[in-house]
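Please keep the sequence and the 3D view side by side as you read.

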Amino acid sequence: MSEPVLSMRGLTVRLPEGADRRYAVQGIDLDVNPGEIVCVVGESGSGKSVSAFSVMGLMAKELRAEAGSIRLQGEELLGATPQRLRTLRGDRMAMVFQEPATALNPVETIGAQIDEVLAIHTAMPSAERRAKVVELMGAMHLPDPAKLYDTFPHQMSGGQRQRVMIAAAMACDPALLIADEPTTALDVTTQAQILKLIRELIARRDAGALFITHDFGVVEEIADRVVVMRGGVVVESGTAAEVLQRPHDAYTRMLIDAVPSMTPPERAAAKGPVAVETIELVKRYGGRGLFARSAGLTAVKGVDLTIRRNETLGVVGESGSGKSTVARCIVRLIDPTTGAVRLGGTDVAKLGRGALRPYRRRIQIVFQDPYRSLNPRRTVGASITEGPRNFGVSRADAEDKARRLMSRVGLSPDALDRYPHQFSGGQRQRIAIARALAMEPQIIVADEAVSALDVSVQKQVMELLDEVKEEFDLAVLFITHDLRVAAQICDRIMVMQRGEVVEAGPTAELFAAPKHPYTAALLAAAPGAKSGAKTAA
């Protein structure tokens, strides 16, 4: 076998004093060969991203490599000067980050951002670079690359932005591509396209890829070899077939067992009273006023839905399908254009702010990102008690309720005086659920509430949502792009495409025999779905 593109031996990175452990990573051995994709998996805090950033020379200043070696095509990277690392980044190694919306410069066109890589690392004249950029965008299967050259990031979808990131990373044909959770925030069809694109690029250019992920469906789809990390050390490694089919370490088995199955459990139909329904719900943007440039965009087109108490309705579809817009109309974070939103028989779609206030406490929302949904300057206790106190509950009663809810979501009541940054992502999402429950709602909207979580934490939060649904007799509207999650938590599924409902029905029936081609395409695109198994385990 030829020399590895990347060879890591005994990498040990020390954490600053006061951290929960001494080392971020300790004694890591890892190779990536030409034409090979190595997936590094593990929960948050396992050290997988620190390992990747160490290769790129992008470690946080408070972290320090204490021992070991990192060689890129035989060249030692630890101890390399910043100037040398800058030369290597983009030329011989490149990185694709998780969130393209924050990784791309919002005030530069995408063509200029890809061109920048070529301008720094090559001597190509301007016209030749532009032609190369257009060629790269075409290779990424982006539509009309010549026109897209002058497009800004906000004018593109999430999947298109991620393709732009990959184009910039591959501009100089690097020997090593590092992808840090590049598909986590993407819907299943876009995710499948990105995974296929990365595999094609690696095979065609005989490069190596280090792919960081917590999704074993992605691992099954793309990995040649797998490295499992926990607490900064490698607990298991081997070929994808070996690790997925015959895991040796208990931690690996736990991660695989935590992956939601694509086979829905049988669930009895909900018999409770209707908690919320929409009738011919329409949401239209733009197209009004003297300076309107177009007829506008209809994001939601005549959506009818009904959710009963003690029932979870899942809404699935690609980005731009209108599922989150429906949720925000129901919560009245945005105003519907036409149609009705009925809560307990009252149409709240047209109510003004004052008249709407009594209904606010009956419907609460849990957002996708637990890092941004809690105020970092307020204790979690203050966040949980704020809502009840705004509706006249005394401080003592609100704090007593907050303590009980913290216990209910599996956290210590003594932690109410701590701040959000002192909790993990999964713990923050539990706090967000406690905050929603503090209002004693009848309806909870969970908008991608588990998509950013590790599989083990995701499983715990899903179980918690299921438990509180029954305990508090809640109606749950569950927005997701993850069909595995939808299979396990939803009683019924509603599939949306371009603002319209194309199919709806009991989850088990819809997964077993989808009637609409779009539903069938979504199910087929789910990572690992080809095997028909949970993963390959």
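Is glutamate 470 buried or exposed? Glutamate 470 counts as exposed because its relative accessible area is 55%, and the cut-off for exposed is over 50%. Do bear in mind that this is a predicted model. You will find glutamate 470 in helix 17, which spans residues 455-471. Asparagine 310 is 160 residues away from glutamate 470 in sequence, yet their C-alpha atoms are 5.6 Å apart in space.

Now for another glutamate. Glutamate 448 sits in the loop that links strand 17 (443-447) to helix 17. Glutamate 448 is buried and has no salt bridge. Leaving out residues up to four places away in sequence, glutamate 448 touches Lys323, Gln368, Ile479, Thr480 and His481. Two of its side-chain distances are set out here.

| Partner of glutamate 448 | Relation | Distance |
|---|---|---|
| Histidine 481 | polar contact between side chains | 3.0 Å |

The largest nonpolar core holds 55 residues, and Ile166 and Phe211 have the most contacts inside it. Helix 7 (residues 158-170) supplies the largest share of this core, with seven residues. Beyond its neighbours within four places in sequence, isoleucine 166 is in contact with Val96, Met140, Ile194, Leu197, Ile198 and Leu201. There is also a second, separate core of 51 residues, with Met262, Ala438, Ile493 and Ala525 among them.

Methods: Residues numbered from 1 in each chain as written. Predicted model: local features only at pLDDT ≥ 70, side-chain atom pairs only at ≥ 80, totals over all residues. Heavy atoms only, no water. Core = buried A, V, L, I, M, F, W, Y, C linked by side-chain atoms within 4.5 Å. Buried < 20%, exposed > 50% of the residue type's maximum accessible area, 1.4 Å probe, protein only. Helix = DSSP H or I, 4+ residues; strand = E, 2+ residues; numbered from the N terminus. Contact = heavy atoms within 4.5 Å. Lys, Arg positive; Asp, Glu negative; His and termini not counted. Salt bridge = Lys/Arg side-chain N within 4 Å of Asp/Glu carboxyl O. Polar contact = N/O pair within 3.5 Å; in protein donor to acceptor, adjacent residues only side chain to side chain.
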